[in-house]
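Subject: Structure for you to look at

Hello,

Here is the structure I promised to pass on. Please have a look at it first, and then read on for what turned up.

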Amino acid sequence: MEKHLFFDGFLHEIVEVLGTALDAKNPYTCGHSERVAELSLKIAKQMNFTKKEQLRIHIGAHLHDIGKIGIPDAILNKIGKLTGEEFAVMKNHTCIGAEIVGKISVLDSIIDIVRHHHERIDGNGYPDGLRGNEISIGARIVSIADAFDAMTSARAYRTALRTDEAVKELIRCSGTQFDSCIVQLCKNYNLFDIENHYQINYNKKARRDDFV
């Protein structure tokens, strides 16, 4: 048991170091990955996944944007809409991130989440144009959590949406961009609870007991 606790603690320390590096590069979205990870974990728990799969999804969500470390600051921190060329560069963060986590043996199981969290159910996502169940369940969960947090967080170029507005947008895009079953589950079980969503203790390290 102590060995497992040590391993989980070490794994989360790796994740925190990588996350801190990303926050330093893009401080405006500081806390985004933590919130995405917490919501993704709530969804995984509600879907009755094993502890191992809950942990995998939680870690994958923490590191879903790690590839943005390789995106130029001028694009990453730009205020305003990206040009077509800039957006093409930004999309590379999924492949860069997959390459980064793929070099760490204990993280290679989350490559699918990091690489495919911008894929779409209708096949119009990136980088590989996967559709439907070709996209792993972990990546489908993180895609929804990522979009929800992005919509309900203020940015330099726009105000945050209200929770109900963000949920309506997720529902509108269900079956095309997002997995409709997961969106409906989140709505049915009130997983898009904005107060609980943002009440995260950033000084707390995840423990094995968090994955039930």
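Accessible areas here come from the Shrake-Rupley method with a 1.4 Å probe, and for residues only the protein chains shown count as cover. On that basis, the accessible surface of the protein chain is about 11,000 Å², and 54% of this belongs to carbon and sulfur atoms.

A word on the source: this is a predicted model, in which local features need pLDDT of at least 70 and side-chain atom pairs count only at pLDDT 80 or more, while totals for chains, interfaces and linings use all residues. Residues are numbered from 1 along each chain as its sequence is written, and side-chain values use heavy atoms, with hydrogens and water left out.

The overall picture

The protein chain has 11 helices and zero strands (DSSP runs numbered from the N terminus: H or I of at least four residues for helices, E of at least two for strands). Of its 212 residues, 46% count as buried (under 20% relative accessible area; exposed is over 50%, and partly exposed lies in between). Taking contacts (heavy atoms within 4.5 Å) between residues at least 6 apart in sequence, 66% join residues at least 24 apart.

The cores

A nonpolar core here is a set of buried Ala, Val, Leu, Ile, Met, Phe, Trp, Tyr and Cys residues joined through side-chain atoms within 4.5 Å. The largest one has 27 residues, and L170 and F192 have the most contacts inside it. At least two residues each come from α2 (32-46), α3 (51-62), α8 (137-151), α9 (163-172) and α10 (180-188). The most come from α8, which gives seven. Beyond four places in sequence, F192 touches residues including L39, I144, F148, V167 and L170. There is also a second, separate core of 13 residues, with L55, I59, V101 and L107 among them.

I113 sits in helix α7 (residues 111-116), and it counts as buried because its relative accessibility is 0%. The C-alpha atoms of I113 and R56 are 9.2 Å apart, although 57 residues separate the pair along the chain.

Cysteines

How many disulfides does a search of the whole structure find? It finds zero, taking a disulfide as a pair of cysteine sulfur atoms within 2.5 Å. C30 is partly exposed, at 47% relative accessible area, whereas C181 is exposed, at 60%.

Best wishes

Definitions and conventions:
Buried < 20%, exposed > 50% of the residue type's maximum accessible area, 1.4 Å probe, protein only.
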